[in-house]
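User: I have a model open and would like to talk it through with you. Could you take my questions as they come?

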Amino acid sequence: MNEHDSEMIIGILDQMNFTQTENKAEADLIIFNTCLIRENAENKVYGNLGELKELKKENPELIIAVCGCMMQKKEIRDIIKSKYRHVDIIFGTHNIHRLPELLSKYNQNDEMLIEVLEDSDHITEYVPVKRKFSFKAYVNIMYGCNNFCTYCVVPYTRGREKSREPEDILNEVLKLSKEGYKEITLLGQNVNSYGKTLDSKLTFAQLLYMLNEVDGIERIRFMTSHPKDLSDELIEAIKKCDKVCEHIHLPFQSGSNNILKSMNRKYTKEKYLELVEKIKKEIPDIAVTTDIIVGFPGETEEDFEETLDVVKQVGYDSAFTFLYSIRKGTPAAKMEDQVPESIKNKRFQKLLDTLHPISYNRNLPYLNKIVEVLVEGTSKNNESILSGRTRTNKLVHFKGEKSLIGKLVDVKINTVKTWTLEGDLITTK
Ligand code: 5AD
Ligand code: SF4
């Protein structure tokens, strides 16, 4: 979500005739789009802002702006106001589209310009976007979250859930297809509750059927699904829509029913496992990935074992793993039995040791198989090696010409690793 917001910020600035630079010293404007989800993201911002003090002294014309989730918190704005006075403009998650006005309102000699809205019912359409890729695109389908998982700041920084009108989403996807985009990723904190705030009450499954009809778009992905809202109707839509990829990201966070309750996740381990079983039965080749938090307050060794048990029973293709991070203002931050860092770290390592061989095993069936790959770029270390993703979101490396970037190709897999597959180019489409 933040990455896509950054694409909008760049799109707005592009229209104002700014150009991008990698060199801070030559910038007229530096904007930090901040994240608050875990403490390390937050600390990084303070470090980065501190470093700019000197630069601002050397170049007083430089405008420094900070936006994003962190700016939604008054305490954090106060820290910036008192300790980072070289910051010029602060705005939040609900008013990115106001950036041109803020820049023109800002006066070098004035105080810090701050404009943050607590929440907004309004969805601003037609914000310019400068996308990172020319063949795959993020498309917001909804904003905010109503779930209030007890560890999470998102409902406080992104406000209440609101869905975008289906016509607006369709228009954006039609435009993307005309521009040659092949893959879209539909974004929402909980895509399964899409449509609840709309008069039409269109469901997420119905939205998928609608977008599946757009010519030119070859792949549809979506993030993120909350297990409590994943309907049979959606499973059927994933199965029936040929463009919807065989990959579901289904965060389970913890395998312990006590912890799930304390997290306010509204499902049990058993319900989650049943759901995954149903999905795998209906769509046998589907890749399942997840998010897991280790060391939530009150997590005992037995609770953690339940998490490992879910990992083993599901057999995840991959997982994002997080050490629980105290977020001020969330209910979990006030819970008494916080887990010591040393125990969290030990459990974290054990979790990785459990996950890795499972991911490797999930990749084994790809050996000698031909897979469709959307070529995304060259490998970091070797320009003659291309990298791309299968429909199941596996990273594939193979030899090929740079001109294939953005194209769909067939690759025969000859080597399987934990994180990647390697193969030979067979055909281009
Ligand atoms: N501590 C650790 N991980 C968190 N996440 C969200 N909040 C926290 C937190 N306070 C993780 C969850 C979520 C993912 C986006 O980030 O696993 O699914
Ligand atoms: Fe955070 Fe839970 Fe909403 Fe996801 S569903 S954004 S974890 S509150």
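Analyst: What follows is a conversation about the fold, the charged contacts and some backbone details.

User: What kind of model is this, and how is everything numbered?

Analyst: This is a predicted model, in which local features need pLDDT of at least 70 and side-chain atom pairs count only at pLDDT 80 or more, whereas totals for chains, interfaces and linings use all residues. Residues are numbered from 1 along each chain as its sequence is written, chains are lettered from A and ligands numbered from 1 in the order in which they are written, and side-chain values use heavy atoms, with hydrogens and water left out.

User: OK, how many helices and strands?

Analyst: The protein chain has 12 helices and 17 strands, where helices (H or I, at least four residues) and strands (E, at least two) are DSSP runs numbered from the N terminus.

User: And what does the radius of gyration say about the overall shape?

Analyst: The protein chain has a radius of gyration of 23 Å, which agrees with the value near 22 Å that a compact globule of 429 residues would have; the radius is taken over C-alpha atoms, and the globule rule is 2.2 Å times the number of residues to the power 0.38. Along the principal axes, the C-alpha atoms fill a box of roughly 65 × 55 × 50 Å.

User: What share of the residues is buried?

Analyst: Of the 429 residues, 52% count as buried, a class that means under 20% relative accessible area, with exposed meaning over 50% and partly exposed in between (1.4 Å probe, protein chains only).

User: Switching to charges, how many salt bridges are there?

Analyst: The count comes to 33 salt bridges, each being a side-chain nitrogen of Lys or Arg within 4 Å of a carboxyl oxygen of Asp or Glu.

User: Where does the one between Glu42 and Arg327 sit?

Analyst: The side chains of Glu42 and Arg327 meet at 3.0 Å, N to O. Glu42 lies in helix H2 (residues 39-58) and Arg327 in the loop between strand E12 (318-323) and helix H12 (341-363), so the pair ties together parts that are 285 residues apart in sequence.

User: Are those two buried or exposed?

Analyst: Glu42 is buried, with a relative accessible area of 14%, and Arg327 is buried as well, at 4%.

User: What about Glu282, which residue does it pair with?

Analyst: Glu282 forms a salt bridge with Lys239, and the closest N and O atoms are 2.7 Å apart. This pair links distant parts of the chain, with Glu282 in helix H10 (residues 269-282) and Lys239 in helix H8 (residues 232-240), 43 residues apart. Glu282 counts as partly exposed at 32% relative accessibility, and Lys239 is partly exposed with a relative accessible area of 47%.

User: Which residues form a salt-bridge network?

Analyst: Glu125, Arg131, Arg164 and Glu172 are joined into one network by salt bridges that share partners.

User: And how do Glu179 and Lys175 look?

Analyst: Their side chains meet in a salt bridge at 3.3 Å, N to O; Glu179 is partly exposed, with a relative accessible area of 45%, while Lys175 is exposed, at 52%.

User: Which residues make up the negative surface patch?

Analyst: The negative patch is formed by Glu213, Asp215, Glu218 and Asp242. Patches are made of residues with over 30% relative accessible area and no salt bridge, with like charges joined within 9 Å and nonpolar side chains (Val, Leu, Ile, Met, Phe, Trp, Tyr) within 5 Å.

User: Now the backbone: where is the cis peptide bond?

Analyst: The bond from Met223 to Thr224 is cis, with omega near -5 degrees, and Thr224 lies in the loop between E9 and H8.

User: What is phi at Gln253 and Asn393?

Analyst: Phi of Gln253 is near 70 degrees, a positive value in a residue other than glycine, and phi of Asn393, likewise not a glycine, is also near 70 degrees. Gln253 is found in the loop between strand E10 (247-249) and helix H9 (257-263) and is buried, with a relative accessible area of 7%. Asn393 is in the loop between strand E14 (385-389) and strand E15 (395-399) and is partly exposed, at 28%.

User: Last one, where is Leu421, and how far is it from Tyr366?

Analyst: Leu421 is in strand E17 (residues 420-428) and is buried, with a relative accessible area of 0%. The C-alpha atoms of Leu421 and Tyr366, 55 residues apart along the chain, are separated by 8.0 Å.

Methods. Accessible areas come from the Shrake-Rupley method with a 1.4 Å probe; for residues, only the protein chains shown count as cover. Lys and Arg count as positive and Asp and Glu as negative; His and the chain ends are not counted. The place of a charge is taken as NZ of Lys, CZ of Arg, CG of Asp or CD of Glu.
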